[in-house]
Amino acid sequence: MTAPLRLSLDTSALVANWRALDALSGTAACGAAVKADGYGLGARGVFERLAAAGCRDFFVASWGEAAALADLVTDLHVDLSVLHGVRAEDMPAAAQGFARPVLNTLEQIRRWRDAGGGRCDVMVDTGMNRLGVSSEQVADGLLDGLAIDTLMSHLACADEDAAANARQRDRLEHLRGRTSARRLSLANSAGIALGSGYAFDLTRPGLALYGGVPRGELASVVRQVATPQAQILQRRTLTAGESIGYNALYTAQEPIEVAILNIGYADGYWRGFTNSGCARVGAALLPVLGRVSMDLTAIAVDALPSLGEGDWVSLNFALPEAAAVSGMSQYELLTGLGSRFERLWA
Ligand SMILES: *Cc1c(COP(=O)(O)O)cnc(C)c1O
């Protein structure tokens with residue numbers, strides 16, 4: 001049974017985005033954040049394609065996400081890191097060796113050392129005050145004796161021109177050589193665009209791989225990867241004065257042709273697209289009319305007299321524009337893409 005809803009995914013755009021970010025990373029390796037199911041695109045599909053392109057370092061948030069990729073990690077000989085570290089209940093999974101924890105807290109470091117302290121990554125806080133041990137404690141020897149692959153930190157304001165960016169970079173730089181770490185890592189997608197001083201030895205883009213543009217410098221570099229496509233369930237004609245959908249938020253000023261699409265906010269096509277989103281078929285733009293409902297969205301189809309029940313339309317989902325139109329962040333638009341899509345890689 002084929003789904004009435006597709007997420008059209010562009011392999012060449014995904015790979016081109018990674019290659020471009022890899023080039024911008026200079027001599028640093030370029031990894032990939034594939035947490036949250038590959039930002040909604042499907043972690044396994046993303047993982048296989050980026051590994052084939054040459055990506056060797058992948059990041060997920062939890063051990064459940066890591067376990068779902070374990071066979072690929074082994075088969076493709078790449079590295080996987082778990083950003084949230086290890087809880088006591090994660091230790092059996094961590095002991096299997098298909099991924100490294102990114103240790104974040106004193107408790108996690110103690111737990112890892114007590115279990116034998118195999119190779120790990122460590123997150124050091126350089127000013128974001130989210131996850132990580134303090135840079136002062138690292139400087140004072142907290143990590144001495146620990147076998148560290150990557151000592152990493154995370155930028156809080158990389159999508160802005162903030163003084164905090166250089167401050168965070170300098171705090172990480174200060175720790176170079178202080179631990180056994182083979183590599184230092186700081187930059188996410190936006191951090192890569194801040195310039196070569198932020199790349200260190202390994203970059204960790206997520207958003208920009210998937211078509212997101214966190215900084216203007218990347219606008220001409222990043223290509224759209226994901227396009228939602230929905231099937232038309234019904235076509236109807238409205239007379240002047242009739243309105244559409246919940247709360248009658250659109251009223252026809254003259255007779256119009258409308259198509260009802262099989263997509264709604266339960267699929268991640270958010271209510272912010274009410275009276276503002278747009279679909280297209282070829283060059284024809286088909287604006288959203290009225291309120292987006294849970295499973296359905298109405299569009300204007302006067303431009304295409306022959307378009308009808310069972311035909312497919314693409315929703316405009318270029319992330320910078322879709323975010324501006326809907327009031328959602330580019331991250332939320334990607335990670336909100338629901339489970340009812342058939343994810344189709346071309
Ligand atoms: C999610 C995440 C990234 C990727 O960030 P983007 O802004 O999506 O490029 C990198 N590093 C860490 C620690 C993260 O949590």
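**Aromatic rings in a predicted model**

Visitor: Are Phe 47 and Phe 58 buried or exposed?
Guide: This is a predicted model, and what is said here describes that prediction. A residue counts as buried when its relative accessible area is under 20%, and for both Phe 47 and Phe 58 the term that applies is buried.

Visitor: How many aromatic pairs are there, and how is the pair of Tyr 39 and Tyr 331 classed?
Guide: The count comes to 5 aromatic pairs. In the pair of Tyr 39 and Tyr 331, the centres are 6.4 Å apart and the planes make an angle of 40°. Planes under 30 degrees apart would count as stacked and those over 60 as edge-to-face, so the pair is classed as tilted.

Visitor: How many residues apart in sequence are the parts that this pair ties together?
Guide: Tyr 39 belongs to helix 2, residues 35-39, whereas Tyr 331 belongs to helix 12, residues 330-335. Tyr 39 is buried, at a relative accessible area of 7%, while Tyr 331 is partly exposed, at 38%. The pair therefore ties together parts whose separation in sequence, in residues, is 292.

Visitor: What is the angle between the planes of Phe 47 and Phe 58, and which strand holds Phe 58?
Guide: These two rings form a stacked pair, 4.0 Å centre to centre, with an angle between the planes of 25°. Phe 47 lies in helix 3, residues 43-53, and its partner Phe 58, 11 residues away in sequence, lies in strand 4.

Visitor: Over which ring does the charged end of Arg 6 sit?
Guide: A charge of this kind must come within 6 Å of the ring centre. The charged end of Arg 6 is 3.7 Å from the centre of the ring over which it sits, that of Trp 312.

Definitions and conventions:
Residues numbered from 1 in each chain as written. Predicted model: local features only at pLDDT ≥ 70, side-chain atom pairs only at ≥ 80, totals over all residues. Heavy atoms only, no water. Phe/Tyr/Trp six-rings, centres within 6.5 Å; stacked < 30°, edge-to-face > 60°. Helix = DSSP H or I, 4+ residues; strand = E, 2+ residues; numbered from the N terminus. Buried < 20%, exposed > 50% of the residue type's maximum accessible area, 1.4 Å probe, protein only. Lys NZ or Arg CZ within 6 Å of the ring centre and 35° of its normal.
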